[in-house]
Amino acid sequence: VRGVDGFVYRGNSGEVNPLIINNQVTGVTVGNNYSFSLYVQKRESDECEVVLATNGAAANGVKMLFNFSDESSFVVYNNTEYMSLYDFSYEKLSDDFYRLTLVGTLVTGTSLFCLLYWEDEKDIWAGGAQVEEGTFSSPLIPTSGSQETRTYDSCIIENVDQRDWWN
């Protein structure tokens with residue numbers, strides 16, 4: 001079943017068949033932070049694991065488990081030889097949707113890849129995944145397979161000299 005910006009997935013994810021969110025992100029720099037974010041919705045699966053890794057193996061990175069029911073998370077593993085955990089956060093949206101963000105510092109490697117695991121034989125919705133340099137995730141940038149750069153945010157306050165807070 002296709003979602004607005006992703007898919008509902010069902011099947012044998014487990015440790016054997018994860019959903020590969022991104023096969024390879026190249027042009028990365030050792031010592032820099034990278035943020036992997038995606039939107040997930042609780043369906044039948046009560047938990048999911050997000051992975052940010054390098055050098056072609058999920059064990060070469062950081063893996064966080066997120067529990068939908070109590071909104072808790074914990075480190076499943078952090079292989080600091082390849083990737084060092086910087087931060088993990090979530091933002092609760094409406095209708096049991098969450099935006100999960102996993103940030104790691106690249107210790108060694110020339111590319112990144114991202115994975116999503118969930119409970120076997122359970123449904124989960126996932127979409128809107130993106131990887132970017134930095135310690136936080138910017139708003140989703142929908143693309144059609146090619147890289148795009150987000151424009152800067154602009155804040156306009158009209159009649160600023162007439163507002164009490166300005167003084």
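Here is a walk through this chain, from its overall build down to a few side chains.

Keep in mind that this is a predicted model, where local features need pLDDT of at least 70, side-chain atom pairs count only at pLDDT 80 or more, and totals for chains, interfaces and linings use all residues. Residues are numbered from 1 along each chain as its sequence is written, and side-chain values use heavy atoms, with hydrogens and water left out.

Let's start with the big picture. The chain has 10 strands and 0 helices, where strands are DSSP runs of E with at least two residues, helices are runs of H or I with at least four, and the numbering goes from the N terminus. Of the 167 residues, 40% are buried; that word means under 20% relative accessible area, while exposed means over 50% and partly exposed is in between, with a 1.4 Å probe and protein chains only. Now take the contacts (heavy atoms within 4.5 Å) with a separation of 6 or more: 67% of them are between residues 24 or more positions apart.

What about the inside? The largest nonpolar core has 26 residues, and those with the most contacts inside it are Val40, Cys48, Val50, Leu100 and Leu116. Such a core is a set of buried Ala, Val, Leu, Ile, Met, Phe, Trp, Tyr and Cys residues joined through side-chain atoms within 4.5 Å. Elements that give it two or more residues include β3 (33–42), β4 (47–54) and β8 (97–106). Look at Val40: leaving aside neighbours within four places in sequence, its contacts include Cys48, Phe97, Leu100, Leu116 and Trp125. There is also a second, separate core of 6 residues, with Ala53, Phe113, Leu115 and Tyr117 among them.

Next, the rings. A pair of aromatic rings is described by the distance of the centres and the angle of the planes. Rings of Phe, Tyr and Trp (its six-membered ring) pair if their centres lie within 6.5 Å; planes under 30 degrees apart count as stacked, over 60 as edge-to-face and the rest as tilted. The whole structure holds 6 aromatic pairs. In one of them, Tyr90 and Tyr98 have ring centres 5.9 Å apart and planes at 65°, so the pair is edge-to-face. Tyr90 is partly exposed at 34% relative accessibility, whereas Tyr98 is buried at 2%. Phe97 and Trp125 are edge-to-face too, with 5.0 Å from centre to centre and 80° between the planes. Because Phe97 lies in strand β8 and Trp125 in strand β10, this pair ties together parts that are 28 residues apart in sequence. Ring pairs also link Phe66, Phe68, Tyr90 and Tyr98 into a cluster.

Finally, visit a loop. Is Glu81 buried or exposed? Glu81 is in the loop between β6 (72–78) and β7 (83–92), and it counts as exposed because its relative accessibility is 53%. Setting aside neighbours within four places in sequence, Glu81 is in contact with Val107 and Thr108. Glu81 and Thr108 are 27 residues apart in sequence, with their C-alpha atoms 7.3 Å apart in space.
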